[in-house]
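Have a look at the model, then work through them.

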Amino acid sequence: MSSRCHPDCQRAAAAKEEDDSAERAATVAANLISTARVILKLDREFTEYSAQYLVDNALVVKEPVQGPPRSTLTIADCLEHLVDVTSPKTEAELEEMAKQQQRRAKITVKDCLECAFKEGIPRREHWAHLGCVSKVPPYASLIPRVPVKGEVIEAKTLEDAFKLLQHGPVGAKLHVFSPEIDLAGEDGVYDGPSGGGTSYVGLRDVILVAVDKINGEAVGTVKICYKKNTSFINVSLSRMFTTLAHHGDDSQTIAPTGLLVDFIVPRLSK
């Protein structure tokens with residue numbers, strides 16, 4: 001579905017330079033699930049699952065269902081949802097949206113994977129597009145979901161990440177610096193801060209897909225969505241860096257570390 005499905009979506013998309021942290025985490029989680037299902041032959045071909053579903057449902061506390069579960073969709077349901085989408089937001093709805101933004105800011109790849117294990121996940125075409133700001137329809141529980149069974153496996157070291165990589169792509173976080181991330185391109189090697197003029201952008205969720213050597217240096221090929229563009233870049237696996245507080249801002253302090261950290265995979269079971 002197009003990101004221009006509704007004026008609110010159009011305005012929201014135009015207002016941001018890149019997907020927010022919840023959307024990035026959900027995209028990585030959905031991609032890891034899709035890949036793992038192909039490897040285990042649970043799907044005959046690569047099937048895209050809904051990242052937006054994970055954004056909408058991760059860290060949500062479900063209310064107990066009163067009465068028997070719904071089993072049918074009525075025209076009245078569709079009309080009610082259409083009115084909700086097109087009507088001006090009430091004060092209560094704006095407050096609820098603010099709460100949802102606070103929830104979204106906390107969502108991680110792990111949260112998304114655990115949501116899929118608990119709730120299942122629909123195919124991408126069966127749910128709203130990534131970045132949709134429309135209210136989840138009341139009949140959402142009727143939308144078919146693929147059951148996902150398994151557990152989340154995490155690793156902190158590159159050595160453990162290499163072991164996980166033997167079975168398929170691995171989720172990770174990448175320390176991003178500008179302008180170095182833009183200058184690396186798909187043929188160069190991104191090796192973090194280079195000195196004056198460098199600014200720390202933050203951590204970005206990525207997928208480590210391969211490890212190789214370029215000019216004798218160990219590099220990892222990662223898939224990253226940055227500034228709304230998805231690409232593959234080579235990342236140095238040997239480069240270590242550290243940053244110190246800038247003008248008293250302790251959030252800029254980073255202990256000595258590699259560029260890739262916090263590795264994670266969904267270990268699916270048939």
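**Exercise 1.** Find which helices and strands each supply at least two residues of the lining of the second largest pocket.

*Solution.* Start with the terms: helices (H or I, at least four residues) and strands (E, at least two) are DSSP runs, numbered from the N terminus. A pocket is an open set of points on a 1 Å grid over the protein atoms alone, where a 1.4 Å probe fits, with protein on both sides within 12 Å along at least five of seven lines; lining residues have an atom within 4 Å of a point. Next, read off the elements: helix H1 (7-15), helix H2 (21-39), H3, strand S4 (199-214) and strand S5 (217-226). H2 gives the most, with seven residues. In total, 32 residues line this pocket, and Asp19, Thr27, Ala51, Leu130 and Thr230 lie nearest its centre.

A word on ground rules: this is a predicted model, where local features need pLDDT of at least 70, side-chain atom pairs count only at pLDDT 80 or more, and totals for chains, interfaces and linings use all residues. Residues are numbered from 1 along each chain as its sequence is written, and side-chain values use heavy atoms, with hydrogens and water left out.

**Exercise 2.** Work out which ring pairs with Phe177, and whether Phe177 is buried or exposed.

*Solution.* Rings of Phe, Tyr and Trp (its six-membered ring) pair if their centres lie within 6.5 Å; planes under 30 degrees apart are stacked, over 60 edge-to-face, the rest tilted. Ring pairs join Phe177, Tyr200 and Phe241 into a cluster. Both Phe177 and Phe241 are buried (under 20% relative accessible area, with exposed over 50% and partly exposed in between; 1.4 Å probe, protein chains only). Phe177 and Phe241 make an edge-to-face pair, 5.1 Å centre to centre with 90° between the planes.
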